[in-house]
Amino acid sequence: EEKEDEDPVFMADEEKRNEYVLEDVGKVYVGSIANVVGRPWIFGQFDDTVLLSALFLLDSGDWIADQYKGDIVEVSRAFTAMANSSDDDNGILCGNWSGDYSGGAAPTSWTGSVDVIEQYWKNRPRQVKFGQCWTELY
């Protein structure tokens, strides 16, 4: 209980902590409200490229002011904004709902975050084409 008082994101339940934080594979859910399907996904939160990219993104641009980098809520909001590339903000993924994925990859072709992050890292600051409603970033 003492840790919970000191750390607003501490999860006392070890089973939940293992599932929500430490599992590097799982499922993402796709489809419509009437037809939801779980797809296997490699989260890769412990991969070196993911960590380097996360640190690079936090320190580049105007994603988050230095005084907020110790606030998990603000850091989470910054990473959420980084996932979606809009106009010239150098975010990671370019959304595309047109069905025409020439010049990139279909959003359904990705099998994990590491592949997306590696593609971004290789071509930064150009966005990765394409993604849809991708919300998981470290």
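Helices (DSSP runs of H or I, at least four residues) and strands (DSSP runs of E, at least two residues) are numbered here from the N terminus. In those terms, the chain of this predicted model follows the pattern α-α-β-β-α-α-β-α-β along its sequence, with five helices and four strands.

Residues are numbered from 1 along each chain as its sequence is written, and side-chain values use heavy atoms, with hydrogens and water left out. Because the model is predicted, local features need pLDDT of at least 70 and side-chain atom pairs count only at pLDDT 80 or more, while totals for chains, interfaces and linings use all residues.

The C-alpha atoms of the chain fill a box of roughly 55 × 35 × 25 Å, taken along the principal axes. Buried residues (under 20% relative accessible area, with a 1.4 Å probe and protein chains only) make up 29% of the 138 residues. Of the contacts (heavy atoms within 4.5 Å) with a separation of 6 or more, 54% are accounted for by residues 24 or more positions apart.

The axes (lines fitted to C-alpha atoms over the stretch in contact, with angles from 0 to 180 degrees between N-to-C directions) of helix α3 and helix α5 come within 9 Å and cross at roughly 55°. The residues that make the contact are set out by helix below.

| Helix | Residue range | Contact residues |
|---|---|---|
| α3 | residues 48-59 | Thr49, Val50, Leu52, Ser53, Phe56, Leu57 |
| α5 | residues 113-123 | Val114, Ile117, Glu118, Tyr120, Trp121 |

By class, this contact of α3 with α5 has eight nonpolar, two polar and one charged residues.

Definitions and conventions. Ala, Val, Leu, Ile, Met, Phe, Trp, Tyr, Cys and Pro count as nonpolar, Asp, Glu, Lys and Arg as charged, and the others, Gly among them, as polar. Buried means under 20% relative accessible area, exposed over 50%, partly exposed in between (1.4 Å probe, protein chains only).
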